[in-house]
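Subject: The two-chain model, with notes

Hi,

Here is the structure I promised to pass on.

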Amino acid sequence: VVFTDNRLVIAVPAASSRIRSLADLARPGIRIAMGSDGVPVGSYTRKVLSRLPAAQRRAILDNVRSEEPDVGGVIAKVTQKAVDAGFVYATDVAATSGKAAQVAVPDNLQPRVSYAVAVVKGTRHAEQASAFVEGLLSGRGRQELRNAGFLPPGR
Amino acid sequence: VIGGGRVAGALQARTRRPGWFVVALAGALTVALAFLVVPVVAIFAATSPAELLSSLDDPAATDALLLSLETTTIAIAIILAVGTPAAYLLATRSFPGRSLVLTLVELPLVLPPAVAGIGLLAAFGPAGILGGPLDGLHIRLVLEKAGVVVALVFVAAPFYLRQAQAAFAAVDVRWLEASRTLGVGEAGTFARIAIPAARPGLLAGLALAWGRALGEFGATLIFAGSFRGITQTTPLAIYDQFASDLTGALALSAVLVIVSGALLLSVKLAGGTGERLGAAR
């Protein structure tokens, strides 16, 4: 069952005004970090880029300076100002406590980023597992997820 | 010389009747060897020679190998050029704070690579304490090839410095004094007596540092990032493939083991001839 959703955003260093929209990423001299092909954030990023016109996509990919093995590496490169922008989840920007700001990725380009949870069939702890899943979907777990910037499932 | 003979004699006497202790020693070595060799064997057992060769057809893999060779060679050249005289000074002179300097120089040895990477970022990154001056000089290290070299030098240099310092310290002081008495200057003594005499130790340090540089992962990733052809060295490429293509990751690992092993072996062989020459002299 899907318990929460997330959005892909462009993270930029807090004090930087070089990037105001997705289109700015294609400008020459901009430095970008993204997830590598094999990791979730990287494949979501590629999904977004694949929905852009070919010339713009190529210009953005030409500005990529690092392909990180996880999303933490991308956000760290942004907060350290090693790059001008990086593709991360909205929750990653929220977790930097102000060191990074986000530039939205337009809705028509957004990939569906969902997190699912399941109870393992035949587990000896089925009751506790169901309670955990319930907790994620309602009550405190749900509240904690909202506080961290996650979205309600199935928007 | 007399002392050395006595020690050798004592050793011989002991090996003539191996007791339980020697058996225990042999057992410990066997366990250590088996444990250290098994993962390496497993890499080759899981990789057919065909896969190994086909991994070299992958342009991302060859880019990574070439980049690794290039950046480690530059890093080792820097380490040799700066580290050799620095180690000589540490080994042959006593000055106030010498043991503190020794400790500081060896500190990166005990730092986790991730800490090294974060430290480099905090020092030389765009937001780091030296970021402003470097930017003023138009020097950009983060996410650049130069940044890879900086990370490699940082993590690998202590391996060489340590060995080189020990090697110079083991050179018979009388040789150096004799050289000076015969009118050869300090620099000449260093270049013509100390370096040849310490050569086996220097080469051993070189091999260790080079091997460490070839395997460097954490500091490179954090400080220099990972981008094919620019900053993605072989270990980073292996990790990148590990997520999607375990066979390719294993094959590239096998290639890296071969390259590192060949390097260690060739330096050992070069050092071996040096030792024999030294003995003949």
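Before the rest, some housekeeping. This is a predicted model, where local features need pLDDT of at least 70 and side-chain atom pairs count only at pLDDT 80 or more, while totals for chains, interfaces and linings use all residues. Residues are numbered from 1 along each chain as its sequence is written, chains are lettered from A and ligands numbered from 1 in the order in which they are written, and side-chain values use heavy atoms, with hydrogens and water left out.

**The two chains**

Chain A has 6 helices and 7 strands; helices (H or I, at least four residues) and strands (E, at least two) are DSSP runs, numbered from the N terminus. Starting at the N terminus, the order in chain A is β-β-β-α-α-β-α-β-α-β-β-α-α. Its C-alpha trace spans about 55 × 30 × 25 Å along the principal axes. Chain B, on the other hand, has 13 helices and 0 strands, and its C-alpha trace spans about 60 × 55 × 30 Å along the principal axes.

**Where they meet**

About 1,400 Å² is buried between chain B and chain A, and carbon and sulfur atoms give 58% of that. Buried area here is the accessible area (1.4 Å probe) that two parts lose on being put together, summed over both. There is 1 salt bridge between the chains, meaning a side-chain nitrogen of Lys or Arg within 4 Å of a carboxyl oxygen of Asp or Glu. That pair is Arg31(A) and Glu144(B), with the closest N and O atoms 3.2 Å apart.

Five strands of chain A form an open sheet with mixed pairing, in the order S4-S3-S5-S2-S6; two strands pair if DSSP finds at least two bridges between them. Strands S4 (64-68) and S6 (100-104) of chain A are at the edges with a single partner strand each, so one side of each has no neighbour in the sheet. On average, neighbouring strands of this sheet are turned by 35° against each other, direction ignored.

S3 (residues 32-35) of chain A runs parallel to S4(A), and 4 bridges join the two. Met34(A) is opposite Glu67(A) in S4(A). Helix H2 (residues 54-62) of chain A packs on the sheet and touches S3 and S4 of chain A, its direction making about 75° with that of S4(A). For such angles, axes are lines fitted to C-alpha atoms, for helices over the stretch in contact, and angles run from 0 to 180 degrees between N-to-C directions. Helix H3 (residues 71-79) of chain A lies across S2 (8-13), S3, S4, S5 (85-89) and S6 of chain A, at about 140° to S5(A).

**One more salt bridge**

Over all chains, a search of the whole structure finds 15 salt bridges. Among them, Asp5(A) pairs with Arg112(A), the closest N and O atoms being 3.5 Å apart. Asp5(A) sits in strand S1 (residues 2-6) of chain A and Arg112(A) in the loop between S6 and S7 (113-116) of chain A, so the pair ties together parts that are 107 residues apart in sequence.

Cheers

Conventions: Contact means heavy atoms within 4.5 Å.
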